[in-house]
Amino acid sequence: MGKTTRREFIKKSGFTLVTVGLSGRAFMRHLAMAANSTLTQAAALSENDRTLVVIQLAGGNDGLNTVIPLSGQNASLYRQFRSTLEIPEGEILSIGTDAGGTGLGLHPSLAPIKELYDQGRMGVIQSVGYPNPNRSHFRSMDIWHTANPDRPDATGWLGDYLDAAFPSNDNPLIAVSLAGGRLPLTLRADRIAVPAIGNVETYQFQTDPRFPGDAQNRIQTFLALNQEGAPQRVLYEQIRETALEAFESSVTLQQGIQRYTPDPNITYAANNPLARAMQQAAQIIAGDLGTRILYVSIGGFDTHQGQANRHAQLLGYLADAVNTFYRDMQRLGKDDRILMMTWSEFGRKVRENGNQGTDHGASAPQFVFGTPINGGIFGEHPDLTDLSSVDDTKFTIDFRSIYATILERWLEVDATELLGGSFELIPFL
Amino acid sequence: MPLDKYDQIAHLLRRAGFGAHPDEIEQKVARGLEATVDDLINFEKYPDVEPDEDLVSMLDLPVDEFNRMRGTFIGGLERWWLNAMITTKRPLVEKMTLFWHNLFATSIAGLPDPRQMYLQNENFRGNFEPETGQIMRPNPRSPFPLGNFRLILEYLTKDPAMLFWLDNWLNRKLNSEVGTNENYARELHELFSMGVEDVVAKVPNYTERDIRQASRALTGWTILRGRRNQSTFPRQFVFDARNHDFGPYEHLGQRGGTNADFIFDNIVRHRNPGQQQSAVGRFLGYRLFIFFGYDDPEPEIINALADVFDGAHGEQPYSIRNMLRTIFTPGNVVSEAFYSERAFKAHVKSPTEYIVGAFRLLNFDRQSGEPDSLSKNRLLVRTLINAMIGMGQYLLFPPDVSGWKEGLNWINTTFDLARFNFANAIATGLQARQGGIDVDRIMDQNDLRGASASEIVDFFARLLLQAPLSPGQRQTLIDYLNAPSENATENTPRNFVNMKVRGLIHLIMTMPEFQLS
């Protein structure tokens, strides 16, 4: 959709408004121009059609059993600290040696993404974290969501990007959350409202099927009731605008997703919740709806007990979903404009607890995937002889370096202003 | 403009309960505000909700047999709870049961047996004894639902569902730093009692080491397993001395203790240096006020509630009932805020409030003076569960241990569409015999059969919104009632009630005003 106003959009869709007294103020919000920052000007010059897919691994993924040391003192310490949870050496999928000389391998459940690694389509970023690690799920998630370890604020790092890069956005699907109907803090913005979509099929405004002749009356009345502003009531206004956005984005979405036809050779596993979400991401991408950010999430990584089977299953979901989605993008000819990244709020304790599980830890590896990336290992495995006072690995790569690299080299905006500081870029792009 | 008596009482009953029919509001206006508050707080003078015999009988099934009926049980439990909220004579207890479920968020998804979740719900109502694993209606020893918070922490820690949900049943003596599992110890501090930071002073409440030391004191607090010759599900707390670490512990600046009592005492008494109020008092003051009042309350309000918690004026400390009385009884800084214009219609209804409120108002029988019970119709139960999932509040399945994020977090595009489509489903999809809205009874009991479009609109606005419509919105709704269907055969007088009045209910439930309480 081009740069039409919301009111024009609704007219074009055939939903003419019947009543008097429309304020239209809601439609003006997105027309407000951002402050005259260099960032905005840069963004205006760099309209690209790239999409970022964010994959959240909620609960704190055990990094040490995701990317596993295979050689040197790290390998022997790993086996010592993980007396019941160690992965047998013969099952680990070797991916070579990092710059520090430690041989590394992936958890056996990650075989489907090892394929991408072997094609140079996957980056392993080691020991990612931030200073003074917080071991609260919720605080640490907020830190990652907002890129602010000192005091997480109300908008997310990608919400800030959207506000800055699209000051006059009219696309109701410029970014989409497919995280079970929830809108993650990462995508919360001041001006741009990001839709959360629980299920693309049911994302529609329904009326009474017994009286189809009255459906237009009802839809027009619904729109009219949500037109009349009450500027002094902030809460009311946000609710009212969201109702209009819900309607508008649902109409656009339903038109767009018709363009996706599944391929019989590419199957998103029905029992894999992440794969189901990523199939919906594929539908949106196939619809050419101008979506720049897609967000999916899978939970369950908080493995305080009985970790082995559950962790293997979750990593299997991740690897299978990413592999399937990647092949689907190749099939659709879209893979060169898709970048995927993972994040998780923290890694887990190096030393397993007494219940075949692991408690909350600190730094951990993260992944990026896609045709455009330079594959390989970035950074070094954490030194297991040098742990913090509560037995955690020490981070070597700040998570905001990943964000900065993606903002600068993929979304092509100035990361310094958005992240409130400059961070070393990582050469995966 | 101060709220008038009717508005004040309507407001109180929306917040301390799930909203009231105009007939109920008029009755309470006649009783007066103070008496109405007393009716809410001293809930014991009104009867408890009836247990559902189908659910109760399933508690005794052997595990194998029960597992075949798991889905039926969960559906029945959801319906029973929603029905309790709709028909209760103790609205504040129901509201607090929901509050505890969100504060001490536990999910069936993390439990070996969903029946533990039913026991937890009865625990939150004061109807469960973890030492015996039995439901007692009521349990005179229980501190729930409004009693002593120090004891509430103990009943929470012993709750069978909680023991599994955060793994404490596995937590055994390990070493002088930590038990074998710190999961529960962490959330006890972070989510259930004081939060990462002091709500007012914004300083850290505890250290990583406090968590690890607390986990030692909680070792051996576990579940009674495998009673011989009985295939019952795990439902009874037991203290396992052999696996307990008898201390001493170093926790929140204190050294000593032989058991978790030491930890609970330290928590409720904890004050950060230089602070007048306890960390827990402020945390609970904040949580209670945003639940009943409005978001971002002023520090004076939080501190006033914390003083009540601390017993700063000589009252019994740690009393939830005293805190609630302070919020609702006129004549103090907290209740002044609660009844202020800022608070009025400034609370986003949770999905539960949205659903329960709609049923309470629309299926209210003016003859009996009460709302109908929620039907057990399977189509209705499925509609309700799908609606709760779609709106983002699947009761008994919170997304994680931090519960649901409330306020504006209830409003996003997908949750909105789920609200609007649920309104369409119960107003126009499901008929009265399927558990939908009995529109014919509303028309008859309120003399609306020959009423004009404007009279019908005014009636439903007063019933559902309990606030006047703007002239523009009123006209929009009148126009809707008058606009003929495009399909001429739909325009019979017989269809007016089914098509237009049901449509009107759907539409009012999509208005911003209806999303607010």
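**Chatting through a two-chain model**

Reader: Where is Pro248(B)?

Author: Pro248(B) sits in the loop between strand E4 (237–239) and strand E5 (249–251) of chain B. Helices (H or I, at least four residues) and strands (E, at least two) are DSSP runs, numbered from the N terminus. The peptide bond from Gly247(B) to Pro248(B) is cis, with omega near 0°.

Reader: What kind of model is this, and how does the numbering work?

Author: This is a predicted model, where local features need pLDDT of at least 70 and side-chain atom pairs count only at pLDDT 80 or more, while totals for chains, interfaces and linings use all residues. Residues are numbered from 1 along each chain as its sequence is written, and chains are lettered from A and ligands numbered from 1 in the order in which they are written.

Reader: What's the pLDDT like in chain A?

Author: pLDDT is the predictor's confidence in each residue, from 0 to 100. Chain A averages 89, and 89% of its residues score at least 70. Over residues 1–46 of chain A the pLDDT is below 50, though this stretch still has 77 contacts in the model beyond near neighbours in sequence. Two residues are in contact if their C-beta atoms, placed from the backbone, lie within 7 Å.

Reader: Back to chain B. Which residues does the other cis bond join?

Author: Arg137(B) and Pro138(B), with omega about -5°. Pro138(B) lies in the loop between strand E2 (134–135) and H9 of chain B.

Reader: And what's buried in that H9?

Author: In H9(B), residues 149–157, the buried ones are Phe149(B), Ile152(B), Leu153(B), Tyr155(B), Leu156(B) and Thr157(B). Buried takes 20 or more other C-beta atoms within 10 Å of a residue's own, exposed 12 or fewer, and partly exposed is in between, with C-beta atoms placed from the backbone. The buried residues of H9(B) pack against several elements of chain B, including helix H8 (115–124), strand E3 (221–223) and helix H14 (279–292).

Reader: How about H7(B), how many of its residues are buried?

Author: 12 of its 13, so to speak mostly covered. Among them are Glu94(B), Lys95(B), Trp100(B) and His101(B). H7(B) runs over residues 91–103 and reaches 18 Å from first C-alpha to last, close to the 18 Å expected at 1.5 Å a residue; the expected span is 1.5 Å times one less than the number of residues. Its buried residues pack against helix H3 (33–41), helix H6 (70–87), H8, H14, H16 and helix H18 (351–362) of chain B.

Reader: Where are the residues with positive phi, Asp167(B) and Tyr318(B)?

Author: Both phi values are near 65°, for Asp167(B) and for Tyr318(B). Asp167(B) is in the loop between H10 and helix H11 (183–190) of chain B, and Tyr318(B) is in the loop between helix H15 (299–310) and H16 of chain B.

Reader: Why does Tyr318(B) count as buried?

Author: Because Tyr318(B) has 24 C-beta neighbours inside 10 Å. Asp167(B) is buried too, with 23 other C-beta atoms within 10 Å.

Reader: Switching to the interface: how many residues of chain A are in contact with chain B?

Author: 52 residues of chain A, in contact with 50 residues of chain B. On the chain A side, helix H6 (137–146), helix H8 (215–225) and helix H9 (234–257) each give two or more residues, and H9(A) gives the most, with 11. That side divides into 19 nonpolar, 23 polar and 10 charged residues. Ala, Val, Leu, Ile, Met, Phe, Trp, Tyr, Cys and Pro count as nonpolar, Asp, Glu, Lys and Arg as charged, and the others, Gly among them, as polar.

Reader: Which residues touch the most others in the largest nonpolar core?

Author: Of its 270 residues, Ala281(A), Val296(A), Leu318(A), Tyr403(A), Leu305(B), Leu504(B) and Ile508(B) touch the most other members. Such a core is a set of buried Ala, Val, Leu, Ile, Met, Phe, Trp, Tyr and Cys residues joined through C-beta atoms within 7 Å. Helix H11 (residues 307–331) of chain A gives the most to this core, with 10 residues.

Reader: What is Tyr403(A) in contact with?

Author: Leaving aside neighbours within four places in sequence, Tyr403(A) is in contact with Ala147(A), Trp157(A), Ala415(A) and Leu419(A).
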